[in-house]
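Me: I have a protein model open and would like to learn how to read it. Could you take me through its features step by step?

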Amino acid sequence: MNRKYIATALLLSFGLSLIATGCGKKEDTAAESTSADDTIVVETSEAEDVDAPAETTETEAPVEHYVHGDEGYYSLIDEGYGTPVKPQKAGTCWVCAASTSMESYYLKVKGETISLDEMELCDYIYDDDKEEGYFILLGTDRYDWGGWGWMVSERLSNGYGDYILVDATNYEGYSIEELKEVIKNNGALHVALNDQYQSYVGRFDGYLTYNVKSAEKDHAVCIVGWDDNFPKEYFVNQPSQNGAWLCQNSGGNAFFDGGYYWISYEMSLCENTVFILSEDYDHVTAYDAGATNSFSTGSTTKTANVFNDPGDLRAVGLYIPEKNEDVHIYICDEKMDKVLYEQEASFEHSGYHVVDLDEPVSVGKYSIVVEYSGAAAVEGENFGDECIEYRVFAKPGESFAYVDGKWVDMSSDDIQTKLGIDFVPNSCCIKAIY
């Protein structure tokens, strides 16, 4: 049996996914249960390796031969913004889809071609030499284990070679029309979907199609186009309306239909994210390995990080837990009482965002104080099992929360009681970008 675990606290991580399971190998069946410690456990049976495509039978088209028209049809590939189909190894669909999204954004928005190695990305996320984050334990294959899109955000927001992740907006729950605009403006959209039930794969008149009505997610792909008029009759599990998304899969060009297939608009999706990299910054200084929880202290919530990294501060990286949240950013002295610079920002979408300062601020030892109109993001608790561990910590003098008129160190033994929360928090999720 393959077993994939994810803590409920992680599912609350800045709204990227409330129901997703890990994206790993294709599997035939799955049964989900919730254990007493609030950990979702998905037990699955092994199926053939991802490199072996599912058998599909060319079926006589139930409607007259369909050809895409100009109205209601769009494809990044047809527009000249196609990127190579990634050759997935074992359970690496999640890093394949994320790297496709990042490459697509660069091509669509910046007009530049970049090439990211998805296996190198997986190794970087599970790197044993880092201090905090996700660690695959001895005896577990990191490629077979799988992962989740938000893990990419959490790791790359602290830097990745010459790149820094500057945005991972959460578009989950948005309408079809809103998602179309996201793709048109930003390139390929990473999504998680259900990919277990091979009996629902069909090939009609040359089109490979897929439609599963399930909230469970076990695979990641990128949406690269759509057709509002795509016939509902072309699906084995027939939807109630026409219309489909064009998905770029991660089995290499030989897998399925050259690496692409169509899913109905009625398919349930989550982790709808465009991952945006930038080479415009020098480095990131941060204490967190990602936002795995959040807390509120009233109508507003105030947190701070104290940094000792002299230079020109150019931007601040923040996880925003809720839609339509406002923040007030203060660059202060190390005691958090003298304001050197301040700036406001508003966010329509939850997710990870970078706020460029209107002007660089020369800093030495200093603090970044952030006042949120709602909840503030924070590292959650450590967790683990025999296969994977999530390890985080808060060091004294680095991260603080403002409670009852006083700054409280996040490393304090009584921090959970003072914040009135049901989990043990660690570092505040505020990143200094130079």
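Reply: Happy to! Let's begin with the surface: the protein chain exposes about 17,100 Å², and carbon and sulfur atoms supply 44% of that area. Accessible areas come from the Shrake-Rupley method with a 1.4 Å probe, and for residues only the protein chains shown count as cover. This is a predicted model, in which local features need pLDDT of at least 70 and side-chain atom pairs count only at pLDDT 80 or more, while totals for chains, interfaces and linings use all residues. Residues are numbered from 1 along each chain as its sequence is written, and side-chain values use heavy atoms, with hydrogens and water left out.

Me: What share of the residues of the protein chain count as buried?

Reply: Buried means under 20% relative accessible area, exposed means over 50%, and partly exposed is in between (1.4 Å probe, protein chains only). Of the 434 residues here, 59% count as buried.

Me: How many helices and strands are there in the protein chain?

Reply: Helices (H or I, at least four residues) and strands (E, at least two) are DSSP runs, numbered from the N terminus. This chain has 7 helices and 26 strands.

Me: Which residues touch the most other members of the largest nonpolar core?

Reply: In soluble globular proteins, nonpolar side chains tend to be buried together. A nonpolar core is a set of buried Ala, Val, Leu, Ile, Met, Phe, Trp, Tyr and Cys residues joined through side-chain atoms within 4.5 Å. The largest one has 87 residues, and Met102, Tyr126, Leu189, Trp245 and Ile263 touch the most other members. Helix α2 (residues 93-110) gives this core its largest share, 8 residues. Apart from it lies another core, of 24 residues, including Leu313 and Tyr434.

Me: How do the axes of helix α3 and helix α5 cross?

Reply: Axes are lines fitted to C-alpha atoms, for helices over the stretch in contact, and angles run from 0 to 180 degrees between N-to-C directions. The axes of α3 (residues 118-125) and α5 (residues 149-156) come within 10 Å and cross at roughly 70°. That makes α3 roughly perpendicular to α5; angles under 35 degrees count as roughly parallel, over 145 as roughly antiparallel, 65 to 115 as roughly perpendicular and the rest as oblique. Contact means heavy atoms within 4.5 Å, and Leu121, Tyr124 and Ile125 in α3 meet Met151, Val152, Arg155 and Leu156 in α5. Helix α5 is mostly covered, with 8 of its 8 residues buried.

Me: With which side chain does the side chain of His349 make a polar contact?

Reply: A polar contact is a pair of N or O atoms within 3.5 Å; within protein, one must be able to donate a hydrogen and the other to accept it, and residues adjacent in sequence count only if both atoms are side-chain atoms. For His349, the partner is the side chain of Tyr174, at 2.7 Å. His349 sits in the loop between β19 (339-347) and β20 (351-372), and counts as buried because its relative accessibility is 18%.

Me: Where does Asp404 lie, and is Asp404 buried or exposed?

Reply: Most residues other than glycine have a negative phi. Asp404 has a positive phi of about 50° although it is not a glycine. Asp404 is in the loop between β24 (399-403) and β25 (406-409), and is exposed, with a relative accessible area of 77%. Glu271 also has a positive phi, near 55°, but Glu271 lies in strand β14 (residues 270-278) and is buried at 1%.
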